[in-house]
Each structure stands twice: as structure tokens, then as C-alpha cells.
Amino acid sequence: MFTAGKGMNEVSGVRVRFAPSPTGYLHMGGARTALFNWLFARHEEGTFILRIEDTDIERSSDELEEKMLNDLTWLGLVWDEGPRTEGGRGPYRQSERLTIYREYADHLIAAGNAYPCFCTDEELEKKKTEQRRAGLPPQYDGTCRRLGEREREERRRREIPESVRFIVPKGEKKQLDDIIRREVTFPPDMVGDFVIIRSNGLPTYNFAAAVDDAFMGITHVIRGEEHLSNTLRQMMIYESLGLDQPRFAHIPLILGPDRSKLSKRHGAPNIGDFRDMGYPAEAVVNYLAFLGWSTTDQREILTVDELVNEFTLERVSPAPSIFDKTKLNWFSSHYIRVGGAVRYFEDALPYFSEELRTHYSRDALKEIFGILSENLPCLSRIGDEVGPFRPGPPGLSGEAMEVLKGSRDLIDLFITSFRSAREWNKDTIKGMMEKVGTEFGVKGRKLFMPLRAALTGVVHGPELLRILELRGKGDVVESLQRVREKMSGA
């Protein structure tokens, strides 16, 4: 007696799932799909399920699964049921559910909705080639559907590999009421009889996904529009098994600036890459949320709680989204600037070089980061922006060399004044600089710019007084002396 489906439709409340395959890293499209599912579940006070579709045995790996789970956790997309958090509808890895798929397949065969197929890959490819030559769509021609039981047993005796094919009703048009794409019509005979169990005993994607969604009580399937072509097959499977069909919402693609499919060549890292580059998770989540979705009041900076409160599938656009790294950096810069050292210093610390971590105290590094955080798109840019705080004489840019022309005597006065200082803080430094300016007869840019150029090697940067104070008297005097030695011709 067929019992695997007992109680499958007995659920209450919204239940959604993110079902990645551990055959690669979590990319932007997958992360956005997970986020939309998570936001919808939280908005509806429902359940967010993580299911691992690992039946691609050759390409799946435990290492990639672990990395994916860690990336989701870093984004804050904590699941209610799934690996590490078991629930009542597990197991949550497809590789642990093979007996369930087999029972469903056997039920479909017994009910006359599926049949064993003994066609080899070579035979199937030959059929497709002949159909293409005849100008026909490449569909299975039903060879094994017509076999009698005696013929099937004869092939089994010959140990010919055996798959299972689903019988596609002929001439049936199907319609889907998609939450995002509205009414979608699948014309008759789009697909031929399709495989649901491969000859190696593993389920195909469409069969396993449909069975799992029903078994786990999924009420809404929110996924990328590239899966829309799979929906017809899954609808047929639900119907043949007498199972309720979930609501579908196919979210738009993410494209590169050239409007082609987003890939690494567009500078679109995987989520783990964003983490390694020091983008705040909050910024990545905020940016991903707006790839295809918008608020009612045009706000863009939203906390996670605000995103949850605002999110509805009805406000997801069916139009493709364009990946814009400049916009991502804008989000990230905002979070780093507002959070500053209080929020992000511990995350930022590894991005300071060993030289700086050795030279400065922890408190000084925290202050330096507080200064740099005003203009950082991501924490990995610290190495590019921290130059003014590096101890020792700088390399001089062309602009710096130009500013230093004729400034030898002025730098000498700064060295003498700073060397005699008994206290070293912003107030005393400011007083010494003003005294030098009075003695030399200059003020404003003509006073500060040569000092900045000599000390940092560039003519723009953070507040000069803070640089001088943090670098300390000894380093400032020594650095200016060594730069002065190179200015003999200035």
C-alpha cells in the first residue's frame, strides 16, 4: 500500500524553501533567491526551510555544502528546518531520501502514470538527431512506453540499465498563475515523456523537487525564472500523485551591465568573495533585496527588520535586474561610515598589515579605522587608504613633488619646531604649525600642503592634525628629516 504521501498536505502557515545544490559556491542569484524566501517567510511569520539537493554525486561535495551553509549564516539567513536544525519533515538532503523517491516512482508505475525505459544514451541521442533533421522538436518517441511486460522482463534478464519515465498526457494545455509573472500558459505537447528516475537509481531534479516540496509542505516556491520551464513537469507530477500544488513565484534574472547573463567577467563575486573583501553582510543583504524589488516609498537604506516588514512578492518586478557594483559600494560605504569603529573594527583589524598592527596600539588602530571608515567601500580597501598613517618616509607622488618645490626651508622649520615639542597632541601640534606659519610668512594651503606632501607622499587625505597626532613625534620628525634629505634640489 502506498503510504509515503500520507499527511503531506497537512500544513498550516507559509512554508518556503531554498534548495541549493552543493556543486559550487553561493552566487549572487542564489543568495537573492534565499533572501527573498527568507524575507517572505519572516514577513508572513512562516517557516524557512533549507534543503540540500545533492543527487549530482560527481559534483557535490561536503566542503561546498559547508561553505554554502556558512555563507547563508553570514548573511543572517538562518533557516528554521534543514541541516544543523532538523525538523519534522526531514531528512533535508536529497541523498538521504532515495527510498522516498523510489516509492513514489513505483506508485506512478502501478497507477499507469510512468513506465520503465531501457533506451541507452546512444539510442536517445540518435533519436534526437533524427528528429532535428526532420524539423521536429527533440522529444522522447515513446519506444519503451509500448513495451509489454514480457519484453521488459527480457531486457532485465539482459541487465540493460533501466530508468523510469513519466507519461505526459497528450494535447493538454496547462496554465500557471504565477505571483510575479501573472498568467503563464504552457501549450500542449511542449515536452515528451521525461525521466524521473535515472538508470543509476537517482531521481531527476524535477521529480525530486516536486516530491520534496509536497512532502515538506511547501506552500510557495520562490525561485529564479530560469526554472520556469521546469514548472510544467512538476505540475504534472503533483497532479498525478494527487498532491496540492504550491503557489509559484519566479523572480527575474540578474544581468550584467551589458544585459547578458551575470558572470564572473562582470566582476560579480560569489557571496564568500564579498565576505573576504570585507563587505558588511548588512550591506550585501540590503543591496540584494533591491535587485528586482522596491519599497512603496522609494527608500533604499533599510534595516533587516524594515526589509521584513516591507517585503511582499507583489512588489517584485518581472523585469531583469542589472548588477551595479557602484551601487553595491554605495550601500557598503553607508554601512561602514555609519557603523564606524564601534560596529566594524573587529572585522577590519585583519585588513591592517602586520607592520601597522605591530607599530600602533589597538586604540590607535581603532581611531585610524574610524577616520578611514568615512570613505571605505569595503574593508579590504584599508590597505589602499591607510598610506598616510604608515610609519616612515613616504614615496612621493608627482603632485607631492610639485608641491614641495621651494619648500625646503619650510620643512626645516617644521622639523625644528616638532623636535622641540614637549607634548604631542592636536592642540600643541596646531599651535606649533601656526607658529611656523607666522615665522615663514605663509598660512592655509601654502602652510599645510607641503607638510602633508612631505609626510604622506600625497596632497589629499584625512585631517592632517589627526595624522600627525597618531603617527607620533618620533616618526613624524624622522620621516620629515629623511624626506628633507631628498629635497636638496628643491
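This is a predicted model: local features need pLDDT of at least 70, side-chain atom pairs count only at pLDDT 80 or more; totals for chains, interfaces and linings use all residues.
**Entry 1: the cavity**

Residues are numbered from 1 along each chain as its sequence is written, and side-chain values use heavy atoms, with hydrogens and water left out.

For the search I used a 1 Å grid over the protein atoms alone: a cavity is a set of points where a 1.4 Å probe fits but cannot get out, a pocket is an open set with protein on both sides within 12 Å along at least five of seven lines, and lining residues have an atom within 4 Å of a point. Grid points are joined across faces, edges and corners, and a volume is the space filled by probe spheres set on the points. I counted 1 cavity of 30 Å³ or more.

I listed the lining of the largest cavity as Val 168, Pro 169, Glu 172, Lys 174, Pro 187, Asp 189, Met 190, Leu 232 and Met 236. That lining splits into 6 nonpolar, no polar and 3 charged residues. My classes: Ala, Val, Leu, Ile, Met, Phe, Trp, Tyr, Cys and Pro are nonpolar, Asp, Glu, Lys and Arg are charged, and the others, Gly among them, are polar.

The largest pocket holds about 1200 Å³ of space. It has 46 lining residues, and Ser 21, His 27, Gly 30, Glu 226 and His 227 are the closest to its centre. Helix H1 (28-43) is among the elements giving two or more residues to this lining, and H1 has the largest share with 5 residues. Helices here (H or I, at least four residues) and strands (E, at least two) are DSSP runs, numbered from the N terminus. By class I got 20 nonpolar, 15 polar and 11 charged residues for the lining of the largest pocket.

The second largest pocket has a volume of about 290 Å³. Of its 16 lining residues, Lys 128, Pro 138, Gln 139, Tyr 140 and Arg 165 lie nearest its centre. Helix H4 (121-133) and S7 each supply at least two lining residues, with the largest share, 5 residues, from H4. I noted 6 nonpolar, 2 polar and 8 charged residues in the lining of the second largest pocket.

**Entry 2: a sheet**

I found 3 strands in an open, antiparallel sheet, ordered S3-S4-S7. The edges are S3 (114-117) and S7 (194-197), each pairing on one side only. Strands pair if DSSP finds at least two bridges between them; S3 and S4 (residues 163-166) have 4. Tyr 115 sits opposite Arg 165 in S4.

**Entry 3: helix packing**

I checked H16 (residues 408-419) against H18 (residues 445-456): the angle is about 80°, with the axes 10 Å apart. Axes are lines fitted to C-alpha atoms, for helices over the stretch in contact, and angles run from 0 to 180 degrees between N-to-C directions. H16 and H18 are therefore roughly perpendicular (65 to 115 degrees; under 35 is roughly parallel, over 145 roughly antiparallel, the rest oblique). In contact (heavy atoms within 4.5 Å), Leu 410, Ile 411, Phe 414 and Phe 418 of H16 meet Lys 446, Leu 447, Pro 450, Leu 451 and Ala 454 of H18.

H18 also packs on H20 (residues 473-485), at about 95° with axes 9 Å apart.
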